[in-house]
Amino acid sequence: MKNQKEMRTWLDDMNLDHPLVVAGPCSAETEEQVLKIAHELKDTDVNYFRAGIWKPRTRPGMFEGVGALGLKWLQKVKEETGMKTATEVANAAHVKLALEHDIDLLWIGARSTVSPFIVQEIADALDGTDKIVLVKNPVNPDLALWLGGVERLYTANIKNLGVIHRGFSTYEKTKYRNIPEWQLAIELQNKFPDLPLICDPSHITGKRDMILDVSQTALDLNFDGLMIETHFDPENAWSDAAQQVTPAALVQIMNDLKIRKESSKEAAYNNELNLLRAQIDVIDNSLIEALGKRMKVSDGIGKLKKTGNVSVLQTSRWNEILGKMILEGEQKGLSEEFVLRMFKAIHQESINHQEKILKN
Ligand code: PEP
Ligand code: MN
């Protein structure tokens, strides 16, 4: 994927003065439902009207979508409101039908991205299309698999591309339906800064009252847009009832969001920022310096242990260090979780150093 710039042409060409917004119900339920929501969203910032036509449900027996019939309703949305349309495709047959019904934006769902076979089938069916195609992250936090999906599409001459971050499933119960693991999205942005990145706070949170907060975090991390499930009667939606918001709530969310610029031309701001960044650089350098010194001392301990024929790991000593550092960290405003993670990494590096010496 060399020329990423061409991937975002579709977004740049829209010349938006706000983040891209994709909104509409989780599922198309009836023609009336689809059209009612679309009309309520017509004069808002919404750029694409979404509705799931084929629903990938975790267990059988739940509402699995209305199927191809719903595509006609989406065509009506376009005719009546002028809004562009978006839906999920999960196989070649879906792609064929979606293209026949002139859907403008297709996305690959999280359960499909995990399967290279499925993604390849979709890529082949879409070969050369000028429609917009977005790849949701796979359900598991695997950046390579996510990017592999984008690569398959790019190789099939699909150039209007982007990704949707919808969080990752976990065994443990958390406050999220799918934990965001923002670090992954940041890594993706670093690798592919020109790949449009959209956040789906609905599937990350699973709860409508958390959507504003997660959307704000996404915008603070320079995401290009949001996909938010919207229904006029969320409680009675046929799928994902707890996370959908009303069109009025969506407008409120868009108003409440603080849209920050990626940079500012203002001189005072830039001077202040440069000053602070210079301080950070100095501190970062001294961190590396201190860590280097620590490892040198650790090497010395390794040599001593080798002569004394003592094992590398002394659990009691390690626990003592950890306890002390957590307390120290607390006084400096560092969370226990951070101090633990940092010292585990430092300790691992020490062990590696000492192991090397003992084995030599
Ligand atoms: C959806 O957007 O309706 C959907 C099913 O999402 P995901 O693939 O992220 O679970
Ligand atoms: Mn949904």
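Helices α12 and α14 are oblique to each other, because their axes cross at roughly 40°, an angle that is neither under 35 degrees (roughly parallel), nor over 145 (roughly antiparallel), nor 65 to 115 (roughly perpendicular). The axes of α12 (residues 267–308) and α14 come within 8 Å, the axes being lines fitted to C-alpha atoms over the stretch in contact, with angles that run from 0 to 180 degrees between N-to-C directions. Helices are DSSP runs (H or I, at least four residues) numbered from the N terminus. The model is predicted, local features need pLDDT of at least 70, and side-chain atom pairs count only at pLDDT 80 or more, whereas totals for chains, interfaces and linings use all residues. Residues are numbered from 1 along each chain as its sequence is written, chains are lettered from A and ligands numbered from 1 in the order in which they are written, and side-chain values use heavy atoms, with hydrogens and water left out.

α12 passes α14 in a right-handed crossing, that is, one in which the near helix is turned clockwise from the far one by less than a right angle. The contact (heavy atoms within 4.5 Å) is made on the α12 side by residues including L291, M295, I301 and K305, and on the α14 side by residues including I346, E349, H353 and L358. By class, this contact has 6 nonpolar, 5 polar and 6 charged residues, where Ala, Val, Leu, Ile, Met, Phe, Trp, Tyr, Cys and Pro count as nonpolar, Asp, Glu, Lys and Arg as charged, and the others, Gly among them, as polar.

Helix α14 (residues 336–359) also packs with helix α13 (residues 315–331), at an angle of about 140° and with the axes 9 Å apart; these two helices are therefore oblique to each other. α13 passes α14 in a right-handed crossing, and W318, I321, L322, M325, I326 and G329 in α13 meet E336, V339, L340, F343, K344 and H347 in α14. The contact of α13 with α14 comprises 8 nonpolar, 2 polar and 2 charged residues.

A further pair is formed by helix α4 (residues 92–100) and helix α6 (residues 116–126), whose axes come within 8 Å and cross at roughly 30°, and which are therefore roughly parallel to each other. Here A92, V95 and L99 in α4 meet E121, I122, A125 and L126 in α6, a contact with 6 nonpolar, no polar and 1 charged residues.

Around ligand 1 lie residues including R50, K55, A110, R111 and H203, each with a heavy atom within 4 Å of the ligand. An oxygen atom of ligand 1 is 2.7 Å from an N or O atom in the side chain of K55.

Key: Polar contact = N/O pair within 3.5 Å; in protein donor to acceptor, adjacent residues only side chain to side chain.
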